[in-house]
Amino acid sequence: MTNDALKQQAAETAVTAVRSGMVVGLGTGSTAVYMVRALGQMLADGRLQHICGIPTSEATARVAQKAGIPLTTLNDRPQVDITIDGADEIAPDLALIKGLGGALLREKIVAAASRHMIVIADGSKRVPHLGTKAPLPVEVIPFAQRLVTNYLADLGARVVLRLRDNHPLITDEGNVILDCYFANGLENPAELAARIKQQPGVVEHGLFLGLAQTAVIATRSGIEIMGQALV
Ligand code: 5RP
């Protein structure tokens, strides 16, 4: 079974937790695309009715529109029933690193506004502790890029400005992303998260701590649920 097939399995398992009438946070990334398409299919065949989605990126908004999912905004519907999103790393306590898809800011805002966050992934995303496979992305106001780079380097990171087509990648909110590599992973994610937030110019970072309640992990030997059961 390919990694893509595993992502699809995780996504299709997670959408069974969505009920008619819910406001649904729609994550970003290749795994989330399967989730958005699955929700669109459930609306089309009548298994779901009257859901509306809050996309976490312009890219997801386009996929959702194509899938026929009515969209809304956090300004109109500030209480999100359930959010389903991918992740780059998942620790045993459901602490996450997110943001390799460049959407961590809107993703975190939507996750924090949600009653329940479900993470969907293939088994490669599980790690014993964070920061061992993926860099930690930090979204930064371009005006402060140099200052924040120096600050993050002082915290022990090797800092790399994220590029796309040889130019700085600009996020949906008009910022840049600094990918932070820590040689031994993240020893104390909560403390690091707090210190990163102290620096003016930092908009948000990709540590999602205490936000996810459930993870649906698809592996070659079956689906594994971490945290709260799917209902
Ligand atoms: C985007 C994200 C994605 O959820 C994360 O990068 C996982 O993506 P994929 O499902 O493509 O592996 O955080 O900002």
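Among contacts in the protein that join residues at least 6 apart in sequence, 73% link residues at least 24 apart, where contact means heavy atoms within 4.5 Å. The structure is a predicted model, in which local features need pLDDT of at least 70 and side-chain atom pairs count only at pLDDT 80 or more, while totals for chains, interfaces and linings use all residues. Residues are numbered from 1 along each chain as its sequence is written, and side-chain values use heavy atoms, with hydrogens and water left out.

The secondary structure of the protein consists of six helices and 15 strands; these are DSSP runs numbered from the N terminus, with helices (H or I) of at least four residues and strands (E) of at least two. For 231 residues, a compact globule would have a radius of gyration near 17 Å, and the value for the protein, 17 Å, agrees with this; the radius is taken over C-alpha atoms, and the globule rule is 2.2 Å times the number of residues to the power 0.38. Taken along the principal axes, the box filled by the C-alpha atoms is roughly 55 × 40 × 30 Å.

Of the 231 residues, 53% count as buried, a class defined by a relative accessible area under 20%, with exposed meaning over 50% and partly exposed in between (1.4 Å probe, protein chains only). The accessible surface comes to about 10,700 Å², and 51% of this surface belongs to carbon and sulfur atoms; such areas come from the Shrake-Rupley method with a 1.4 Å probe, and for residues only the protein chains shown count as cover. The protein carries 21 positive and 22 negative charges, whose mean positions are 3 Å apart. In this count Lys and Arg are positive and Asp and Glu negative, whereas His and the chain ends are not counted, and the place of a charge is taken as NZ of Lys, CZ of Arg, CG of Asp or CD of Glu.

The protein is divided into domain 1 (3-127 + 209-220) and domain 2 (136-203), with bounds that come from an automatic or database domain assignment. The contact between them takes 12 residues from domain 1 and 15 residues from domain 2. The centres of domain 1 and domain 2, taken over C-alpha atoms, are separated by 24 Å.

Several individual residues illustrate the local arrangement. Ala14 lies in helix α1 (residues 3-14) and is buried, with a relative accessible area of 0%. Not counting residues up to four places away in sequence, Ala14 touches Ile84, Ile118, Ile120, Val216 and Leu230. The C-alpha atoms of Ala14 and Asp85 are 9.7 Å apart in space, although the two residues are 71 residues apart in sequence.

Val159 is found in strand β8 (residues 158-161). Leaving aside neighbours within four places in sequence, Val159 is in contact with Thr149, Leu152, Ala153, Leu178, Asp179 and Cys180. Between the C-alpha atoms of Val159 and Val148, which are 11 residues apart along the chain, the separation is 9.6 Å. Ala153, one of the contacts of Val159, has its place in helix α5 (residues 145-154) and counts as partly exposed at 40% relative accessibility. Ala153 and Arg19 are 134 residues apart in sequence, and their C-alpha atoms are 45 Å apart in space.

Asp45, in the loop between α2 (30-44) and β2 (52-55), is likewise partly exposed, with a relative accessible area of 40%. From Asp45 to Glu173, the C-alpha to C-alpha distance is 35 Å, and the pair is 128 residues apart in sequence.

Positive phi values in residues other than glycine occur at Leu94, where phi is near 70°, and at Asn166, where phi is also near 70°. Leu94 is found in the loop between β4 (89-90) and β5 (96-97), whereas Asn166 is found in the loop between β9 (163-164) and β10 (167-168). Leu94 counts as buried, at 6% relative accessibility, while Asn166 is exposed, with a relative accessible area of 72%.
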